[in-house]
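Let's walk through this structure together, one question at a time. Have a look at it first, and then we can start with its strands.

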Amino acid sequence: MIARMLRECAQKADVEISGIGIGSTGPVDPIRGEFGDVDFLSGWRGKPLVKDLAQLFQVKVALENDGDAAALAEAGWGAGRNRSRLIYVTIGTGIGGGMVFDGELYRGVEGAHPEIGHQVLDPAGPECSCGFHGCWESLAAGPAMAAWMQTHAPADYPHRDLTAKRICELAQQGDTLARQAIEHETLYLGLGLANLINLFTPDAIVLSGSVMKSSHLFLDGIRAVIARGCRFVPYQKTEIAPASLGQDTNLIGAARVWHYRFADRNR
Ligand SMILES: [Zn+2]
């Protein structure tokens with residue numbers, strides 16, 4: 001099916017496929033070009049997608065974790081251009097990201113992708129899918145905002161089953177409880193980002209994901225949290241910027257994966 005979609009896409013655009021880049025939800029093995037236990041791709045574990053597509057299309061194919069792909073996109077063609085040390089963070093249904101230092105994607109042991117969303121901010125916090133309690137993701141991803149509202153809404157609160165997007169809208173309209181939810185969200189976004197700044201002192205952190213579509217509601221507060229606890233590093237020099245490639249970051253990231261692997265120089 002992937003092959004058919006690629007062929008149709010190339011036909012519509014009237015181009016030849018000269019290479020294929022893939023950004024996929026993890027875990028993936030970028031070096032071997034294989035999938036791990038990806039939640040919504042059951043049965044794909046160990047499938048050599050890169051090898052199969054390369055054989056089928058007779059082109060070079062590269063695979064990365066989607067957070068890393070988007071980080072490469074922002075570092076190469078987006079808000080992180082000309083930044084030596086860039087951390088990309090996406091805040092949506094979960095929290096993930098990627099790090100690009102001096103043009104190189106940071107990889108852990110055996111090519112592992114670091115899970116910035118699973119840094120623990122409060123061991124007494126909500127249970128997380130990873131096994132810990134109070135991970136950044138469990139406290140500050142979109143569903144965490146919705147859960148906070150659910151817990152704190154009085155019985156006569158007129159809005160129910162709110163999404164992060166709707167909470168942001170209500171906060172903008174002046175709703176008191178929604179504004180408190182934004183304050184809570186801002187604190188935890190700020191703490192997670194402050195940790196990244198204390199650990200890595202990057203030139204820039206680029207923020208993406210559905211929650212960050214309302215980044216103007218959070219940015220000043222995030223900067224205040226960072227200023228409170230990052231005094232041993234030059235935190236003022238870390239630019240906190242919304243992603244610049246918008247909706248297409250992941251698509252552009254997939255393309256960037258190919259360029260990073262094969263066109264920039266041999267890796
Ligand atoms: Zn976790």
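Predicted model: local features only at pLDDT ≥ 70, side-chain atom pairs only at ≥ 80, totals over all residues.

Q: How many bridges join β6 to β7, and in which sense do the two strands run?
A: Strands here are DSSP runs of E with at least two residues, and helices are runs of H or I with at least four, numbered from the N terminus. Two strands pair if DSSP finds at least two bridges between them. In β7, Leu 105 is the bridge partner of Val 100. The count for β6 and β7 is two bridges, and the sense is antiparallel.

Q: Which strands lie at the edges of the five-stranded sheet?
A: This open sheet has mixed pairing, and its order is β7-β6-β5-β8-β9. An edge strand pairs on one side only, and that holds for β7 and β9.

Q: Which strand does β8 join through four bridges?
A: On one side, β8 pairs with β5 in the parallel sense over five bridges, and Val 89 stands opposite Leu 207 there. Leu 207 also stands opposite Pro 242. The parallel partner with four bridges is β9.

Q: What is the handedness of the crossover from β8 to β9?
A: The chain passes from β8 through α8 to β9. A crossover is right-handed if, with the strands pointing away from the viewer, the path from the first strand over the helix to the second runs clockwise. This β-α-β crossover is right-handed.

Q: Why is β8 largely enclosed by the rest of the structure?
A: Buried means under 20% relative accessible area, exposed over 50%, and partly exposed in between (1.4 Å probe, protein chains only). Ala 204, Val 206 and Ser 208 are buried on one side of β8, and Ile 205 and Leu 207 are buried on the other. So β8 is largely enclosed because the number of its five residues that are buried is five.

Q: What is the geometry of the zinc site?
A: Donors are N, O and S atoms within 2.8 Å of the metal (3.2 Å for Na, K and Ca); water is not among the atoms, so sites may look incomplete. Here they belong to His 118, Cys 128, Cys 130 and Cys 135, at 2.0 to 2.3 Å. Four donors count as tetrahedral if all angles lie between 85 and 135 degrees. With angles of 102 to 122°, the zinc site is tetrahedral.

Q: Is Asp 14 buried or exposed?
A: Asp 14 is found in the loop between α1 and β1, and has a positive phi of about 60° although it is not a glycine. With a relative accessible area of 70%, Asp 14 is exposed.

Key: Residues numbered from 1 in each chain as written. Heavy atoms only, no water. Tetrahedral: all angles 85-135°; square planar, octahedral: opposite > 155°, others 65-115°.
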